[in-house]
Amino acid sequence: MSAPILSRRTKASILQTIFDKSGASAETPPVFGHFGEWVQGRLGPEGPVVLVTMLCRAHGVRARFTRGGALDLTQGEPAAVSLAQLRHLLEAAGQDAGSFTLSGNLPVGVGAGASTAALVALARAAGIAEDRLPSLCLAVEGATDPLMLPHPDRVIWASRLAQSKGALGAPPRADIIGGYFGEPIRTDAADSDFADIADLLPAWESAVAQGDLPQVARLARISADRTTALRGPLNDPSTILAQRLGALGYARAHTGSARAFIFAPGTAPDDAEQLLADHGLTGAMRFTTGGDA
């Protein structure tokens, strides 16, 4: 199931950075985040940690860069990346310093890909070549989401290697009701204590090829349950919430607080947000993912 990380078109240029005479770049298009993972775990008992990300276009980040002067980074709080991480990115790329600004609505530490999306936006603002982004993000973070790819949810992604382990079809279109359970949790790049999901991936590949949303939701739930059984929290309400919501299944951030309940388009209940709040979830939101969205 091997496939190149980036298409020829992507390598040529996803974004052509334009600088005006003052040395300021145009603001980048948004780099979208994700909302946890459809599935995540080890590719075999001793294999690498792999995932299929759940793309979320409701959250994103943009960057702007002005050449020259001391390195500076302006962003909201809490910070998605540190000044030291930005310096590491630029030094690894052989890129000049300057003044950077990040803007957007990506929450930090919840399993939304804030750090990877921010690094990708910063790199693009500075004009760093697309084909360098996976390895540069890995060098800075130690574990990276596939948010620099044209279709992040269409690969089996080895996050600690910044490599594709297989090409996939797009997940079928789904409506998601999401929220956050528990405190923010930042990813530990050295953490590989995840359940084996090698048995789920052939079924996942078949389900997305057939556009079988109920099977996709079932596989996401199995993967989420394996992580919860291994890593907690013991009081995770996802099972009971899915039943009360009438969801097809649910997914989670496997190292974060995001919880996603999966519905066929147009079938999510009107009172879903209140039900999430009743079970201790915060930040309830709705978005559509999969398909050609």
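This is a predicted model: local features need pLDDT of at least 70, side-chain atom pairs count only at pLDDT 80 or more; totals for chains, interfaces and linings use all residues.
Modeller: Residues are numbered from 1 along each chain as its sequence is written, and side-chain values use heavy atoms, with hydrogens and water left out.

Biologist: Why is the pair of Phe 65 and Phe 100 called stacked?

Modeller: Rings of Phe, Tyr and Trp (its six-membered ring) pair if their centres lie within 6.5 Å; planes under 30 degrees apart count as stacked, over 60 as edge-to-face and the rest as tilted. The centres of Phe 65 and Phe 100 are 4.3 Å apart and the planes stand at 20 degrees, so the pair is stacked.

Biologist: What makes the pair of Phe 35 and Tyr 180 tilted?

Modeller: Its ring centres are 5.6 Å apart and its planes meet at 40 degrees, so this pair is tilted. Phe 35, Tyr 180 and Phe 287 form one aromatic cluster.

Biologist: Why does Gln 95 count as buried?

Modeller: Buried means under 20% relative accessible area, exposed over 50%, and partly exposed in between (1.4 Å probe, protein chains only). Gln 95 has 19% relative accessibility and therefore counts as buried. Phe 65, at 0%, is also buried.

Biologist: How do you know that the charged end of Arg 231 sits over the ring of Phe 194?

Modeller: The criterion is NZ of Lys or CZ of Arg within 6 Å of the ring centre and within 35 degrees of the ring normal. The charged end of Arg 231 sits over the Phe 194 ring, 4.2 Å from its centre.
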